[in-house]
Amino acid sequence: MLPEVENLIELQKADAEIRRLKEEIAALPKRVAVIEAKLAGTSAALEKAKAAIKADEANKRKYESAIQDLQQKISKYRDQSLAVKTNDQYKALLHEIQFAEQDIRGNEDKILELMLDTDTREKDVKAAEAEMKAEKAEIEKEKAAAREATALDEKELAEWNAKRDKARTAVDPDLLQHYDRVAKYRGSGIAEVRDQKCMGCSVMLRPQTYNEVRSSEKTVFCDSCQRILYFDPANQAGPDPGAITRVRRPHPKIDASQAWYYRPNYFEDSEAFLLFLNTSSGSTRHAYDIHTGRQIGDIHSIDSEYRSAFSADLEGAIRLNGHWKSDEIEAWGAELPLVVMDALQRDLDAAKAESAAHAQPHDHSAPSGQPAAS
C-alpha cells in the first residue's frame with residue numbers, strides 16, 4: 001500500500017473520531033437542557049397548582065362572607081316579622097327568609113366543592129414538589145457527568161487533532177485537496193475496495209481499475225464517487241489459497257459450454273489462459289496472457305463446437321476449473337480481473353500437483369512434463 005494512502009486512511013480515521021467527539025461534546029449541554037426544560041414545566045405546573053389553591057381560598061372567603069350577610073338578613077327579616085300587622089306582610093317576609101336560606105345552602109355547596117378541589121390540588125402540589133426535587137437532583141447529576149465527559153472528550157479531541165495534523169503533513173497537497181473536496185460532499189474521501197466493489201458508493205469497478213488498486217503502484221480514484229481507493233488483502237473474503245491442496249480437485253465437465261485451458265506455449269512461446277465458449281452458432285476462443293491478464297490477439301469465432309474447431313489449441317493444454325457468467329466476461333473487456341487470474345492460477349497449480357502425484361508412483365525416473373488435456 002502506498003505510504004500516502006496509509007496516511008489518508010489514518011487521516012480519515014482521525015476525521016471521523018474528531019467529528020464524533022465534537023458531536024458528543026455538543027450533545028451534552030443539549031441533554032442537560034432537556035432536563036432543565038422538563039424542570040421548568042414541573043415548576044410552572046407547581047406554581048399553577050399553588051395559585052389555584054390561593055384562588056380557591058379567596059372564593060371560599062367570598063362565599064363565607066356572603067353566608068354571613070344572608071344570615072344577617074334572615075335575622076333582620078325575623079325581627080321585622082314580629083312587628084308586621086297584616087298577613088300579607090308576614091308571608092312576604094317568610095319568602096325573603098326562604099330565599100336567603102336557599103342562597104346560604106348554595107354557597108355552602110360551593111364551599112364544599114372548593115374544599116374537595118383544594119384536597120386534590122394540595123396532593124398535586126406535594127407530587128409536583130417531590131418531582132421537582134428529583135429533577136433538580138438529576139440535573140445536578142447530569143451536569144456533573146457532562147462536565148466530566150466533556151473534559152475527557154476535549155482531551156481525546158486534542159490527541160486526534162494532533163494525529164490529524166501529522167497525517168495531513170505527510171500527504172501530497174494536491175492529493176490532500178482532492179481528499180478534502182470529496183470528503184466535504186460525501187462524508188469520506190477514501191474507500192476500501194472489496195470484491196471488486198468500492199465500499200464508499202457500492203459501485204463495481206472496471207477490471208482494469210480493480211487491478212490497478214490491487215497492485216498498489218499508483219493512486220486510483222473511483223470513477224463513480226471520486227473517492228481515493230485502496231486494497232487491504234486482510235479484509236478480502238474468499239477461499240483459502242492453500243485449501244486447494246488439502247481437498248480433492250474437482251474435474252470440469254467435458255461437455256460444458258464454457259471451458260478454460262492453460263497453454264504453456266501459446267503465442268510466441270508465451271503462457272496463456274484460453275477460454276472457449278460454445279454458442280448456438282458455433283464457438284469462440286479468447287486468449288489471455290497468464291501474467292498480465294491482457295487479451296492476446298482478437299477473439300476468434302468458428303461455426304462448430306470448440307473441440308473440433310480449435311483442436312490444435314488443445315494439444316498440450318491443461319483443462320482448468322472456471323465458470324463465469326456471460327455478462328461478467330463481457331464486462332472484463334480486454335483484461336482479466338485479478339480475482340479470475342488468481343482462481344485460474346490456483347487451479348493450475350492444483351492440476352500440476354495432481355498430475356505429478358499420479359505420475360510419481362509409476363515411474364520415478366521419468367522426466368516431469370505437462371499433464372495432458374482433459
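Which residues of helix 4 (residues 207-215) are buried? Here are some notes on that and a few other spots.

1. Ground rules. This is a predicted model, where local features need pLDDT of at least 70, side-chain atom pairs count only at pLDDT 80 or more, and totals for chains, interfaces and linings use all residues. Numbering runs from 1 along each chain as its sequence is written, and side-chain values use heavy atoms, with hydrogens and water left out.

2. Helix 4. The buried residues here are Pro207, Thr209, Tyr210, Asn211 and Val213. "Buried" means under 20% relative accessible area, "exposed" over 50%, and "partly exposed" in between (1.4 Å probe, protein chains only). Helices (H or I, at least four residues) and strands (E, at least two) are DSSP runs, numbered from the N terminus.

3. Helix 4 to helix 7. Have a look at Arg214, which makes a salt bridge with Asp342, the closest N and O atoms being 3.1 Å apart. A salt bridge here is a side-chain nitrogen of Lys or Arg within 4 Å of a carboxyl oxygen of Asp or Glu. Because Arg214 sits in helix 4 and Asp342 in helix 7, the pair ties together parts that are 128 residues apart in sequence. Both ends are partly exposed: Arg214 has 24% relative accessibility, and Asp342 has 28%.

4. Other salt bridges. The structure has 13 salt bridges. One of them joins Glu24 to Arg20, with the closest N and O atoms 3.4 Å apart. The two are four residues apart in helix 1, so about one helical turn separates them. Glu24 is partly exposed at 32% relative accessible area, and Arg20 is partly exposed at 34%. Through shared partners, salt bridges join Glu17, Arg20, Glu24 and Glu156 into one network. Elsewhere, Asp180 pairs with Arg168, the closest N and O atoms being 2.7 Å apart. That pair links helix 3, which holds Asp180, to helix 2 (residues 87-169), which holds Arg168, twelve residues apart.

5. Helix 1 against helix 3. Helix 1 (residues 3-81) packs on helix 3 (residues 173-186) at an angle of about 35°, with the axes 12 Å apart. Axes are lines fitted to C-alpha atoms, for helices over the stretch in contact, and angles run from 0 to 180 degrees between N-to-C directions. Helix 1 brings Glu4, Leu8, Leu11, Gln12 and Asp15 to the contact, while helix 3 brings Leu175, Leu176 and Tyr179; contact means heavy atoms within 4.5 Å.

6. The cores. Which residues touch the most other members of the largest nonpolar core? They are Trp260, Phe273, Leu320, Leu336 and Leu344, out of 19 residues. A nonpolar core is a set of buried Ala, Val, Leu, Ile, Met, Phe, Trp, Tyr and Cys residues joined through side-chain atoms within 4.5 Å. Helix 7 gives this core its largest share, six residues. Another core lies apart from it, with 13 residues, among them Tyr261, Phe276, Ile296 and Ala317.

7. Two loop residues to check. Gln196 is not a glycine, yet its phi is positive, about 65°. Gln196 is in the loop between strand 1 (190-194) and strand 2 (197-198), and is buried at 12% relative accessibility. Ser202 also has a positive phi of about 65° although it is not a glycine. Ser202 lies in the loop between strand 2 and helix 4, and is exposed at 51% relative accessible area.
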